[in-house]
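Thank you for asking me to look through this entry with you.

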Amino acid sequence: MSAPRPPRPPVGLCDSCRHQRLVPNSRGSVFSLCERSRTEPEFPRYPRIPVLECRGFEPADEPHAEPRR
Ligand code: SF4
């Protein structure tokens with residue numbers, strides 16, 4: 001049986017944005033990546049959290065789930 005995961009810190013708007021991708025690392029942390037950063041340099045790849053306002057926000061169809069490990 002594995003140890004419970006530590007809670008993920010609140011990311012804010014990104015958690016309900018269609019441009020967010022959750023990226024797990026090997027230490028069990030999960031980072032919130034902004035896909036808009038790929039084509040629009042004004043958006044940071046890993047926004048400083050919590051994101052409270054963002055002009056690039058677009059609502060996701062479904063809330064994001066934790067990535068599988
Ligand atoms: S567009 Fe804004 S709200 Fe959406 S994932 Fe990027 S930083 Fe977060």
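1. Two residues count as in contact if their C-beta atoms, placed from the backbone, lie within 7 Å. On that basis, residues 24 or more positions apart account for 50% of the contacts in the protein chain that have a separation of 6 or more. Please keep in mind throughout that this is a predicted model.

2. As to the overall make-up, the protein chain has 0 helices and 2 strands, and buried residues make up 12% of its 69 residues.

3. The two strands belong together: β1, which covers residues 20-24, runs antiparallel to β2 and is joined to it by 5 bridges. Within this pairing, Leu22 of the chain stands opposite Ser32 in β2.

4. The strands β1 and β2 form a hairpin, with 5 residues between them, and in the turn Gly28 has a positive phi of about 95°. For comparison, most residues other than glycine have a negative phi.

5. Further along, in the segment after β2 (30-34), lies Pro50, and the peptide bond that joins Ile49 to Pro50 is cis, with an omega of about 0°.

6. Which residues are closest to the ligand? The ligand is surrounded by 13 residues, and the closest are Cys14, Cys17, Cys34, Cys54 and Gly56. Sorted by class, the shell around the ligand consists of 9 nonpolar, 3 polar and 1 charged residues.

Conventions
Residues numbered from 1 in each chain as written. Predicted model: local features only at pLDDT ≥ 70, side-chain atom pairs only at ≥ 80, totals over all residues. Near = placed C-beta within 6 Å. Nonpolar A, V, L, I, M, F, W, Y, C, P; charged D, E, K, R; others polar. Helix = DSSP H or I, 4+ residues; strand = E, 2+ residues; numbered from the N terminus. Buried ≥ 20, exposed ≤ 12 C-beta atoms within 10 Å, placed from the backbone. Pairing = 2+ DSSP bridges.
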